[in-house]
Amino acid sequence: MKFILSIVIVAFSVCANAQTVSIIPMPHSIQYHDVTLNIESVHTMSFGEIPGGLVNLCSALFHSSTKSNSIPCNLRLDENASIAKEGYSLSIELTGINIMAKNPVGIFHAIQTLSQIIATSEEDNSIPCLTIEDEPRFEYRGMHLDVSRHMFPISAIKQYVDIMSQYKFNTLHWHLTDDQGWRIEIKKYPKLIEVGAYRDQTLIGNMQKSEREFDGIRYGGYYTQEEVKDIVAYAAKRFITIIPEIEMPGHAEAAIAAYPHLACENNKGPFGTVQYFGVFENVFCAGNDATFTFLQDVLDEVIQLFPSKYIHIGGDECPKVKWETCPDCQKRKKKHKLKDEHELQSYFVQRIEKYLNTKGRSIIGWDEILEGGLAPNATVMSWQGTKGGIAAAKQRHDVIMTPVSHLYLDYLQSKSKEEPLTIGGYLPLSQVYSFNPMPDELSPEEQKHIIGVQANIWTEYIDTPNKLFYMMLPRALAVSEIGWTNQKNKNFIDFSEKRLPSHLAELDKKGITFRIPTPIGASDTTLFGSKFKLDFKPSVKGAKVYYTIDGYTPTTLNNFTEGPLEISVPPKATREVKSVVITPSGRRSVVVTTILKNEE
């Protein structure tokens, strides 16, 4: 079956100096034609049914027009085309624009690429003529969002989805339950939101402090089932699947606070939704059938809200202390001839998997589900490194790589004291970009089980939408290129210095919060000599690099660089050059301090 959409562009085509384009993630192949197409306006005509609102989406890129001297932009859906599942071809020629894909999601990705070409073009109403053949490297390209520690308004979640869709992610992993809050309405168990969705107060500052302090403010909330349906539908229109995570058997204190009978028989509490962060010993009882009745009831309602193939069941960081002395857990262990509590956890996970399989769903779990034996059909998220993923792939299980070393976006983005409070760690943009999800240790057949990549944002210390997007951007754009672009086509200098500045400029225009990267070419270091040429460039297109040499923090009151900055330092003297990027909206990067020292 074929569907054709014709979009008529009223324009004159002119030859000009060839432009390059700033596309993220980098396509599979681009061929330039050394001419540009001058686009003045658009008139849209559609033929056949085009799913997903693609007509309006593409039309919105142009000015509407009814002029007669026009050329076409054709969107073609051809299920028999020799194009990958989410791939597309895009050609911009003097005679028109042509997009072809095998299915609607390919057309959607092509429109996102065309949108980027138009938005980052060096000339108004003019885009370069080119041919792009494109397809994703990995099937699964995900972002994770924890709303248990801190939750966010629906508008922020939709903006999160919008950004994902623009950069060709296809999966949102929504972490909905944990010790610090249960965030999804379950009608059969109302206390989950009456009790489990709220905590009396929240930790102030980092949990690594020797003495804990609290804010004394009751915190909480939840998403109704109608709100969940709305968000799932919103994402689906943008070809993003939302996978819910219902944590088990650990990270369960909020649920146990609501329903104490879910704890082990020998554990009488007291229970409460947790006010600080970490790993806690109150977990679901593995020996009590009531636990499985509860979880099956919860999952029955969850799968009605989420049409995703996968349901994430957590499986991580589950202390076994209560199980070791629980009569019911020990009875279960003896009955099923389980040698230890790790095998008891495996029993727990496999029992839940079997139930979900009867509902036509599959499970994903963090790499701890390998302990005690992996559930037969489980997909593993390898977060503690890549070893768990490698082990699972060798067992012919599908794997999503999400190692803490490269893809935990709640980590610090620089070592500057100006960075906001985080859980710790250090994960600059360059380190994120450097990750290759495909381990060399695997055979070609085993490598087929590495199905994708995901970045995670945990929100212990992320309590506002602005901070969420500050931690997400621009590192998520690097993740998009990890998941989509062939390894041989990746180049960090090209990404960070040539393409990224244009995209950040667009975010700045839209008022979206992001971390402003420090000046290109600047670093916190000491240089030795008597004459220096510092070539600092703005990390955001249209921004300026302001600097001082008097020790003060640069502002817009100071000088800015328009080319290489030449500084002479007298003998036995030192100059402290501080530089900062300030965008057109007035937002700025952290300060970089470069010490120039003349020891002669």
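**Close-up 1. Met143 and the residues it touches.** Leaving aside residues up to four places away in sequence, Met143 touches Tyr160, Met164, Phe169, Thr171, Leu172, His173, Leu409, Gln454, Ala455, Ile457, Met472 and Ala476; a contact here means heavy atoms within 4.5 Å. This is a predicted model, where local features need pLDDT of at least 70 and side-chain atom pairs count only at pLDDT 80 or more, while totals for chains, interfaces and linings use all residues. Residues are numbered from 1 along each chain as its sequence is written, and side-chain values use heavy atoms, with hydrogens and water left out. Met143 sits in strand E7, residues 140–146; strands (E, at least two residues) and helices (H or I, at least four) are DSSP runs numbered from the N terminus. Met143 counts as buried because its relative accessibility is 0%, and buried means under 20% relative accessible area (1.4 Å probe, protein chains only).

**Close-up 2. Helices H16 and H17 packed together.** Two packed helices are described by the angle between their axes and the distance between the axes. For H16 (residues 475–484) and H17 (residues 492–510), the angle is about 115° and the axes are 11 Å apart. Those axes are lines fitted to C-alpha atoms over the stretch in contact, with angles running from 0 to 180 degrees between N-to-C directions. On the H16 side, Leu477, Ala478 and Glu481 make the contact, and on the H17 side it's Phe495, Arg499, Leu500 and His503. By class, that gives four nonpolar, one polar and two charged residues. Here Ala, Val, Leu, Ile, Met, Phe, Trp, Tyr, Cys and Pro count as nonpolar, Asp, Glu, Lys and Arg as charged, and the others, Gly among them, as polar.

**Close-up 3. The largest pocket.** About 640 Å³ of space lies in this pocket. A pocket is an open set of points on a 1 Å grid over the protein atoms alone, with protein on both sides within 12 Å along at least five of seven lines, and lining residues have an atom within 4 Å of a point. Points are joined across faces, edges and corners, and the volume is the space filled by probe spheres set on them. Of the 28 lining residues, Pro428, Arg515, Pro517, Thr518 and Ala522 are the closest to the centre of the largest pocket. H17 turns up again here, giving the largest share of the lining, five residues. Sorted by class, the lining has 14 nonpolar, nine polar and five charged residues.

Methods
Buried < 20%, exposed > 50% of the residue type's maximum accessible area, 1.4 Å probe, protein only. 1 Å grid on protein atoms, 1.4 Å probe; cavity = no way out; pocket = protein on both sides within 12 Å on 5 of 7 lines; lining within 4 Å.
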